[in-house]
Amino acid sequence: MKRFFVVILAVAISLALVLPAAAQVDFEGQITGRLQDIEGDGVDQEAGFNEALLNLQIYGEVASGVYGYAEIISSQAFTPTVLYELYLVHSNLLPMADLKFGQFELNFGDQRNRRTHNANVQTNSLIGNAVIDPAVVQTGIELSGQYAQVAWSLGLTNGVAGSEFREDRDMAITAKLWGELLPGLTASASYYTVEHEEGGGVETNFGWNNFAVEGYNAGVNIAPGIEATAVDAFQIDLTYDLSLALGWPAELYFNYGQLEFTDVTDIRGLTTPLPDDVAVDYFTVEARYNLTPVSYLAARFSQAD
C-alpha cells in the first residue's frame, strides 16, 4: 500500500513539473506585519511590529480538469522559508468525486476557513486563533464530493509532517461531512485517527496544537505542542449567517472538539514528567457584527480542558 502511495506521489510531482504550453497559471503574493501585545502567566512580549510574514500562492489549471496549487510561506513560525502545500486536484476523476493528491492541509474542522494563518488574515474576524487549531499538512490523497445537500471528504495520508514514508508508520484517516441544516445555518462533523507502530519512535504532527499544559514552562514558547504515537480527534462546527436567515449583518460560529493522544512522546516546554496519555476537550464561540461593508465588531471566547 505504501509503495503504491509513493508511486502516486511520484506521478503527481511529474505532472506538476511538466506544464502544458496552454496552461493558465495565476500568481498571488501577500506580505503583512502585525501589531500585538501578549501577556499572561509568565509570558510578556513587548508590543510592536513583528517580523514581516510572507505568503506566496501559485495556482491554476495545468491540464483539462486538473488544477495545481503551491503555497510558500516564511515567518517566525516557519523558518527559514518552507513549501507548505503542493498538490493537484483532478475534477470528476471518479463519478461525483474529485481527487486531490500531494501535500495538503487536512480538511478537519471549519476553523481552517477562519484562522489567521501566516499572512492570510482576510478570512478571520480577529488577529489571532482559537485556543485549539489543528492545522495539519500531510502527504496523501483525498476524495471529496457532494450527495444531495451533504458534502463529504475522505483522506488517506502518511500521518506525519512532510512526505517521508517508513514501514513503522501507519496511514492516517480523515473524514468530514458538512451541509446546510437551515437557511444560513451550516454544520460539519470531522474525524481524524492514526496509530503508528508502538515503540517505533514515530510521532504524528496532529498534536501540534496551541494550548497550555499543567507544568508548562511559558518561558520556552508561547504555544506548546503535543507529539504522540496515536491520535484520535473529533470536532463539530456550527456557523449561522444571520444575514441569510434574518437579514441582520451578523454571523455566529461555534465548535466543540475532543483530542485523545496515546503514548505521548513529547510536550514542548513541559517541566514535569510526561504523561502516558493526554485528553483534551475544547470549544470556541465567536460572533461578528458588520457595521459597514468594511468595518465590524467581533468577539471570541475559547477554552480547552
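Select isoleucine 236 to begin; this residue lies in strand β12. The model on screen is a predicted one. Isoleucine 236 has a relative accessibility of 33%, so it counts as partly exposed, the cut-offs being under 20% for buried and over 50% for exposed.

**The nonpolar patch**

Together with Ile236 they make a nonpolar surface patch of about 780 Å². Two elements, β10 and β12 (226–241), each give two or more residues to this patch. Which of the elements gives the largest share? Strand β12 does, with 3 residues.

**The whole chain**

Of its 305 residues, 40% are buried. Show the surface next: the accessible area of the chain is about 16300 Å², and carbon and sulfur atoms account for 59% of it. Contacts can be looked at by sequence distance as well. Taking those between residues at least 6 apart in sequence, 56% join residues that are at least 24 apart.

**The salt bridges**

Side chains of opposite charge can pair when their charged atoms come close. The structure has 3 salt bridges, and the next stops visit them in turn.

Select lysine 100 and glutamate 142. Their side chains form a salt bridge, with an N to O distance of 3.9 Å. Lysine 100 sits in strand β7 (residues 97–105) and glutamate 142 in strand β8 (residues 137–147), so that the pair, 42 residues apart, links distant parts of the chain. Are these two residues buried or exposed? Both lysine 100 and glutamate 142 are buried.

Move on to lysine 176 and aspartate 110. This is another salt bridge, and its closest N and O atoms are 2.8 Å apart. Lysine 176 belongs to strand β10 (residues 172–182), while aspartate 110 is in the loop between β7 and β8. Lysine 176 is buried, as is aspartate 110.

Next, select glutamate 286 and arginine 300. Their side chains meet in a salt bridge at 2.9 Å, N to O. Here glutamate 286 is in strand β14 (residues 277–292) and arginine 300 is in strand β15 (residues 295–304), 14 residues apart. Arginine 300 has a relative accessible area of 24%, so it is partly exposed.

**Asparagine 92**

For the last stop, select asparagine 92 in strand β6 (residues 81–94). Why does asparagine 92 count as exposed? Its relative accessible area is 58%, and exposed means over 50%. Leaving aside residues up to four places away in sequence, asparagine 92 touches Ala97 and Asp98. Asparagine 92 and glycine 145 are 53 residues apart in sequence, and their C-alpha atoms are 8.9 Å apart in space.

How values were computed
Residues numbered from 1 in each chain as written. Predicted model: local features only at pLDDT ≥ 70, side-chain atom pairs only at ≥ 80, totals over all residues. Heavy atoms only, no water. Buried < 20%, exposed > 50% of the residue type's maximum accessible area, 1.4 Å probe, protein only. Contact = heavy atoms within 4.5 Å. Areas by Shrake-Rupley, 256 points an atom, 1.4 Å probe, with all protein chains shown as cover. Salt bridge = Lys/Arg side-chain N within 4 Å of Asp/Glu carboxyl O. Helix = DSSP H or I, 4+ residues; strand = E, 2+ residues; numbered from the N terminus. Patch = residues over 30% accessible without salt bridge, like charges linked within 9 Å, V, L, I, M, F, W, Y side chains within 5 Å.
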